[in-house]
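Please look first at the sequence and the three-dimensional view below, and keep both at hand while reading the report that follows them.

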Amino acid sequence: MQITAYDHVGLRVVDRARSQAFYESLGFVLDAPHSNERALELVAPGGVRINLILNGETPPDGRNVLMDVDARWPGYTHAAFVVDRLDTLLAWAAARGVAITEGPVDWGRRRTCFLRDPDGNVLEFNELTPEPTAHTLVIGNKNYSSWSMRAWMLLKFAGVPFEEAGVLLYRPGSREAVQRRGGETGLVPVLLAGEHAIWDTLAIFEYVAELNPAVWPRDPLARARARSWCGEVHAGFNQLRAAMPCNVRGRNRRAEITPEVEAEIARAAHIWSQAGGPDGPWLFGAFSGADVMFAPVAARFVTYGVKLEGRAREYHQALIAHPLYREWAALGELEADVIACAESPEAV
Ligand SMILES: N[C@@H](CCC(=O)N[C@@H](CS)C(=O)NCC(=O)O)C(=O)O
């Protein structure tokens, strides 16, 4: 037998409506099929569950009998949750007038604060501190390397500090230079995390998502959809890729638009036409790794003058105006190196 995770923590409460409203404002949602007249089950977007046990009686003088009386009766003292951003939690508490009873305090492995729920149950919230790891991103020419662009934008978006090591691509010895840095395939990007090399873009995305979960949408099914689209880009769009080599600073370039290329343009446009939501204009409302994955596709559409319509067009405009896209494109503009096979002639 192995204990693998918590299923839930049970909290006895006095006033059902008051407690439900409190926990819902923290992001928990009622799981009605698993609730009954004795207990409410609530679940947070990350899957963390609590049960509100509805048989509480108002304690004498309103004090929490486990925590606020002189006698130290044995029992649970607090539930400790992990949050992505402690500052967001602190802002939530300030906006609702919920007192922070201890903290925020930096324990090294975690940054923590405590507060009480409406019954005086102690709740602890932790933002975990990642182990300090030195990161180096081995990338190719910024103007030409679409996969490098993705890893670079993602690390910046996730706020993971890194140094850059540039390798000029498609020269004798380029792949060997990447291999010497630990990239087993000789292709870029390679993310070096301390001594360890990660040499595939999807693997880099997943690694960075472990450092900052904001890389993926919060909802598990949205997350799966985001990964499906990213997998599709990673494994597909091969006709488009071949017909339109990445050349971020290039304009008005000619591409042979075969029916297969046309179908892949239509597929990208179909995905993009689904963008936008309450949290913003991106594929999953808030900006995520899925948007980063499509950034070089957006760049190709600029270079080769691909016309889009409606929501897809708006999404494309937003993506090429994103500050990280612009920063990458501006750096590519400054590069002197030319990769002849990616320099298609101008359209007439
Ligand atoms: N599957 C790899 C693809 C990486 C890739 O194709 N990188 C290109 C640059 S965009 C490369 O290194 N090309 C150099 C070469 O083929 O020698 C990933 O996901 O990272």
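A residue is called buried when its relative accessible area is under 20%, exposed when it is over 50%, and partly exposed in between, as judged with a 1.4 Å probe on protein chains only. Helices (H or I, at least four residues) and strands (E, at least two) are DSSP runs that are numbered from the N terminus.

This is a predicted model, in which local features need a pLDDT of at least 70 and side-chain atom pairs count only at pLDDT 80 or more, while totals for chains, interfaces and linings use all residues. Residues are numbered from 1 along each chain as its sequence is written, and side-chain values use heavy atoms, with hydrogens and water left out.

**The chain as a whole**

The secondary structure of the protein chain comes to 11 helices and 12 strands, and the C-alpha trace spans about 85 × 45 × 40 Å along its principal axes. The chain is divided into domain 1 (8-128) and domain 2 (135-342), with bounds that come from an automatic or database domain assignment. The C-alpha centres of domain 1 and domain 2 lie 41 Å apart. Of the 348 residues in the protein chain, 45% are buried. Contact here means heavy atoms within 4.5 Å, and among contacts between residues at least 6 apart in sequence, 62% join residues at least 24 apart.

In helix 6, the buried residues are Ala222, Ala226, Trp229, Cys230 and Val233. Seen down the axis of helix 6, these buried residues fall within an arc of 95°, so they line one face of the helix; the arc is that of the directions from the helix axis to the C-beta atoms. On the other side of helix 6, Leu221 and Ala235 are exposed. The buried residues of helix 6 pack against several helices, including helix 3 (146-158), helix 5 (201-211) and helix 9 (289-303).

Helix 1 (residues 16-25) has Ser19, Gln20, Phe22 and Tyr23 as its buried residues. Viewed along the axis of helix 1, they fall within an arc of 160°, so they too line one face of the helix.

| Helix | Capping residue | Backbone nitrogen of | Distance |
|---|---|---|---|
| Helix 1 | Asp15 | Ala17 | 3.2 Å |
| Helix 6 | Asp219 | Leu221 | 3.1 Å |

Helix 1 is followed by Gly27, whose phi is positive, near 110°.

Most residues other than glycine have a negative phi, and most peptide bonds are trans. Is Phe237 buried or exposed? Phe237 is buried, with a relative accessible area of 8%. Tyr170 also has a positive phi of about 55° although it is not a glycine, and it lies in the loop between strand 10 (163-166) and helix 4; at 67% relative accessibility, Tyr170 counts as exposed.

The peptide bond from Gly103 to Pro104 is cis, with omega near 0°, and Pro104 lies in strand 6 (residues 100-106). A cis peptide bond also joins Val188 and Pro189, with omega about 5°.

**Strands and their partners**

Two strands pair if DSSP finds at least two bridges between them. Strand 6 and strand 7 (residues 110-116) pair in the antiparallel sense over four bridges, and Asp106 has Arg111 in strand 7 as its bridge partner. Three residues lie between the strands of this hairpin, in which Gly108 takes a positive phi near 95°.

Strand 5 (residues 79-82) runs parallel to strand 8 (residues 122-128), and four bridges join them. The bridge partner of Phe81 in strand 8 is Phe125. In a regular strand the side chains alternate between the two faces of the sheet. Strand 5 has a covered face with Ala79 and Phe81, and an uncovered one with Ala80 and Val82.

Note on methods: A polar contact is a pair of N or O atoms within 3.5 Å; within protein, one must be able to donate a hydrogen and the other to accept it, and residues adjacent in sequence count only if both atoms are side-chain atoms.
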